[in-house]
Amino acid sequence: MSELDAQVPTAYDPFADANAEDSSAGTKEYVHVRVQQRNGRKSLTTVQGLKKEFSYNKILKDLKKEFCCNGTVVQDPELGQVIQLQGDQRKNVSTFLVQAGIVKKESIKIHGF
């Protein structure tokens, strides 16, 4: 009986380490660049997660001039302000944001196809 008592597993939570890692990773703010399919070949690029101290309208104006596309700033109740651009501008937007010094390359997440 004493051998069986020694082999009783203790309570171990395998997700405790993962939860600790997620809490530190969740504090990092990411800028999400996504593409959404509209109809046919038409697509829409959205940029969300920029800091609130930036002027979204000035960033949008520079993006529209740089990439020769139209765009708008949309107020979303859950996500806050989101920049929308016509066409698939994911790579262009990410390089623009890094070169302008708005965000670091490590904090940009590109989603899509």
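**Figure 1. Surface and overall fold of the predicted model.** The protein exposes about 8500 Å², and carbon and sulfur atoms supply 50% of this area; accessible areas come from the Shrake-Rupley method with a 1.4 Å probe, and for residues only the protein chains shown count as cover. This is a predicted model, in which local features need pLDDT of at least 70 and side-chain atom pairs count only at pLDDT 80 or more, while totals for chains, interfaces and linings use all residues. Residues are numbered from 1 along each chain as its sequence is written, and side-chain values use heavy atoms, with hydrogens and water left out. The protein has four helices and five strands, in the order α-α-β-β-α-β-β-α-β along the sequence. Helices (H or I, at least four residues) and strands (E, at least two) are DSSP runs, numbered from the N terminus. Of the 113 residues, 28% count as buried; buried means under 20% relative accessible area, exposed over 50%, and partly exposed in between (1.4 Å probe, protein chains only). Among contacts with a separation of 6 or more, 50% join residues 24 or more positions apart, a contact being heavy atoms within 4.5 Å.

**Figure 2. The largest nonpolar core.** A nonpolar core is a set of buried Ala, Val, Leu, Ile, Met, Phe, Trp, Tyr and Cys residues joined through side-chain atoms within 4.5 Å. The largest one has 18 residues, of which L50, L63, I83, V93 and L97 touch the most other members. Two or more residues each are given to this core by β1 (31–37), α3 (56–67), β4 and α4. The largest share, five residues, comes from α3. Not counting residues up to four places away in sequence, V93 touches V33, V47, L63, F67 and L85. In soluble globular proteins, nonpolar side chains tend to be buried together.

Figure 3. G87 touches S43, L44 and T45, residues up to four places away in sequence not being counted. The C-alpha atoms of G87 and N70 are separated by 8.8 Å, and these residues are 17 apart along the chain. Leaving aside neighbours within four places in sequence, Q89 is in contact with T45, F67 and C69. The side chain of Q89 also reaches the backbone oxygen of Q86 at 3.4 Å and makes a polar contact with the side chain of N92 at 2.8 Å. A polar contact is a pair of N or O atoms within 3.5 Å; within protein, one must be able to donate a hydrogen and the other to accept it, and residues adjacent in sequence count only if both atoms are side-chain atoms.

Figure 4. How many salt bridges does the structure hold? The structure holds one, where a salt bridge is a side-chain nitrogen of Lys or Arg within 4 Å of a carboxyl oxygen of Asp or Glu. D88 pairs with R90, and their closest N and O atoms are 2.9 Å apart. D88 counts as partly exposed because its relative accessibility is 40%. R90, at 15% relative accessibility, counts as buried. Side chains of opposite charge can pair when their charged atoms come close.

Figure 5. A disulfide is a covalent bond between the sulfur atoms of two cysteines. With a disulfide taken as a pair of cysteine sulfur atoms within 2.5 Å, the count is zero. The closest cysteine sulfur to that of C68 is in C69, and the 7.8 Å between them is too far for a bond. C69 is therefore in no disulfide, as the nearest cysteine sulfur, that of C68, is 7.8 Å away. C68 counts as exposed at 72% relative accessibility, and C69 counts as buried at 13%. C68 is found in the loop between α3 and β3 (71–76). Phi of C68 is near 55°, a positive value in a residue other than glycine.

**Figure 6. A100 in the loop between α4 and β5.** A100 lies in the loop between α4 (90–99) and β5 (108–110). A100 counts as partly exposed because its relative accessibility is 47%. A100 and I59 are 41 residues apart in sequence, and their C-alpha atoms are 9.7 Å apart in space.
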